[in-house]
Amino acid sequence: MRSHIRCELTAGQSGLTQSPRGLGPLLTREPCSKKSAMSSSLVCVQDYEEQATKILPRNALDYYRSGATREITLQENKDAIKRWYIRPRFLRDVSKRSMQTTVLGHTVNVPFGVAPTAMQRMATPDGESANARAAGKIGTVFTLSTIATTSIEEIASEAPDTLRFFQLYIYKDRAVTASLVKRAEAAGFSALVLTVDAPHFGIRLADLRNKFTLPPHLGMANFQTGDEKSNRVNTSAGGSGINEYVKSLFDPSLTWDDVAWLKRLTHLPIVLKGILTAEDALLGLKAGATGIWVSNHGARQVDGVPPSIEALSEIIKAVDGRCEVYVDGGFSEGTDIFKALALGARMVFLGRPLLWGLACGGEEGALNILNILKGELDSTMALSGCASINDITKDMVIRKDHYSRL
Ligand SMILES: Cc1cc2nc3c(=O)[nH]c(=O)nc-3n(C[C@H](O)[C@H](O)[C@H](O)COP(=O)(O)O)c2cc1C
Ligand SMILES: CCCCCCC(=O)C(=O)O
């Protein structure tokens, strides 16, 4: 296993510094034989976020961190989760606990997984491979973005035992899209996650100010090196290279018929990611989706859409058990995950927390993030009277405003 953490005994240096090649942070304080300083001093996702903020290059940090325009939904994703309270029950024998569940028929050890985030090699040289291996070590699902800096085939060989989903963007060129689907099938991915909320790209102010481009040593690994159009993110118009990329290559004319097209093309289950309304969830079911992934894309598309946790209840109600429902957006603690499970989500996915883990410590950092969340969820279950995921029921959470009505 490759790790990007280089262990050097450099007396007097304090902690993490930027790698000389600007490829990510290097740990320069602790000898290799010791448990890294990081894993003992960074004990929650917020610690990792703060550390990552100090060490990531501005272009990457802003891209990872940003939400759309005023970032009101970005804040709301978190605030809305905090508006739900846990109603703990006691004296229910929690001496033996399990977090095991299934996703699309596959057993996972924890009810949370890794959301697709683009361009992870900006955080650490091993990028998506490190993240996928960490997910495999904890026993959960890793979702690879179409816009990854590591290819479908590399992930299959670097993390062969990890349960892998492939997130699909539909390109105007349907031959390109079909080829991505066939490659994901051939490489043993278990589901396609079709992102429906990006016919156009969100306005992210920091990326515009930075004139975002991918560092020159990196490319979109699912497309051929030298294919300047699909493999590179450049800015020719002087704005964000991401917006230019999406405008020229992604298909903004998609309709529900295209979901039917995709269904005919693949034998893999299709999960629709980015659903925020009961209406679209029902159309998704009709189109044959096996899963609905409630998401506002980490608040990166339209500012002012509802926080994911609020949209979740409406969709759970509409779907009424006819398919699995997942959620992402603003989850960064075990208690957050517990609340979404109580509201009916089968899995909670995390995007940025894993990027902070990768930035601070590559695979070890990502694994630490997953272990922190696992420990926090286990603790929440024990202290709320839940020995298994099935015990986390709707009556275990209540919205804050309930108490002002009493
Ligand atoms: C840096 C970044 C890149 C992302 N790239 C993709 C992507 O390529 N495809 C996609 O469907 N969603 C993408 N997303 C959205 C995530 O899959 C997920 O919905 C979101 O990050 C969840 O919110 P969280 O970051 O608060 O956990 C991206 C999000 C971030 C932060
Ligand atoms: C260069 C195109 C990047 C688009 C995909 C990344 C993404 O979804 C994001 O939110 O950023």
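# Helix packing and ligand shells

Biologist: Quick one. How are α12 and α13 set relative to each other?

Modeller: α12 and α13 are oblique to each other. This is a predicted model, by the way.

Biologist: What angle do helix α12 and helix α13 pack at?

Modeller: About 40°, with the axes of α12 and α13 8 Å apart. Helix α12 covers residues 278–286, and helix α13 covers residues 308–319. An angle between 35 and 65 degrees counts as oblique, so α12 and α13 get that label. Their crossing is right-handed.

Biologist: Which residues of α12 and α13 make the contact?

Modeller: From α12, Ala-278, Ala-281, Leu-282 and Leu-285. From α13, Glu-314, Ile-315, Lys-317, Ala-318 and Val-319. By class, the contact of α12 with α13 has seven nonpolar, no polar and two charged residues.

Biologist: Moving on. At what angle do α5 and α15 pack?

Modeller: About 15°, and their axes are 9 Å apart. Helix α5 is residues 127–138; helix α15 is residues 352–384. That angle is why α5 counts as roughly parallel to α15. The crossing of α5 and α15 is right-handed.

Biologist: And which residues of α5 meet α15?

Modeller: Ala-130, Asn-131, Arg-133, Ala-134, Lys-137 and Ile-138. Their partners in α15 include Leu-354, Leu-358, Gly-362, Glu-363 and Lys-374. Eight residues of the contact of α5 with α15 are nonpolar, three are polar and four are charged.

Biologist: What about α14 against α15, what's the angle there?

Modeller: Helix α14, residues 334–342, packs on α15 at about 60°, with axes 7 Å apart. α14 and α15 are therefore oblique to each other. The crossing of α14 and α15 is right-handed.

Biologist: Who meets whom between α14 and α15 – which residues?

Modeller: Gly-334, Thr-335, Ile-337 and Phe-338 in α14. On the α15 side, Leu-373, Glu-376, Leu-377, Ser-379, Thr-380 and Met-381. That contact of α14 with α15 divides into five nonpolar, four polar and one charged.

Biologist: Now the ligands. Which residues come nearest to ligand 1?

Modeller: Ser-145, Thr-195, Gly-298, Gly-351 and Arg-352, out of the 23 residues around ligand 1.

Biologist: How many residues of the shell around ligand 1 are nonpolar, polar and charged?

Modeller: Eight are nonpolar, eleven polar and four charged.

Biologist: And ligand 2, which residues is it surrounded by?

Modeller: Ala-118, Ile-147, Ala-198, Val-233, Ile-242, Tyr-245, Val-246, His-297 and Arg-300. The shell around ligand 2 splits into seven nonpolar, one polar and one charged.

Biologist: Where is the pLDDT below 50?

Modeller: Over residues 1–35. Beyond near neighbours in sequence, that stretch has 58 contacts in the model. Where pLDDT is low, the predicted coordinates should not be read in detail.

Biologist: Last thing. What ipTM and pTM does the predictor give the complex?

Modeller: An ipTM of 0.99 and a pTM of 0.92.

Technical notes: Residues numbered from 1 in each chain as written. Chains lettered and ligands numbered in written order. Predicted model: local features only at pLDDT ≥ 70, side-chain atom pairs only at ≥ 80, totals over all residues. Near = placed C-beta within 6 Å. Nonpolar A, V, L, I, M, F, W, Y, C, P; charged D, E, K, R; others polar. Axes fitted to C-alpha atoms, helices over the stretch in contact; angles between N-to-C directions. Helix = DSSP H or I, 4+ residues; strand = E, 2+ residues; numbered from the N terminus. Parallel < 35°, antiparallel > 145°, perpendicular 65-115°, else oblique. Left-handed = near helix turned anticlockwise from the far one by under 90°. Contact = placed C-beta atoms within 7 Å. pLDDT = per-residue confidence, 0-100.
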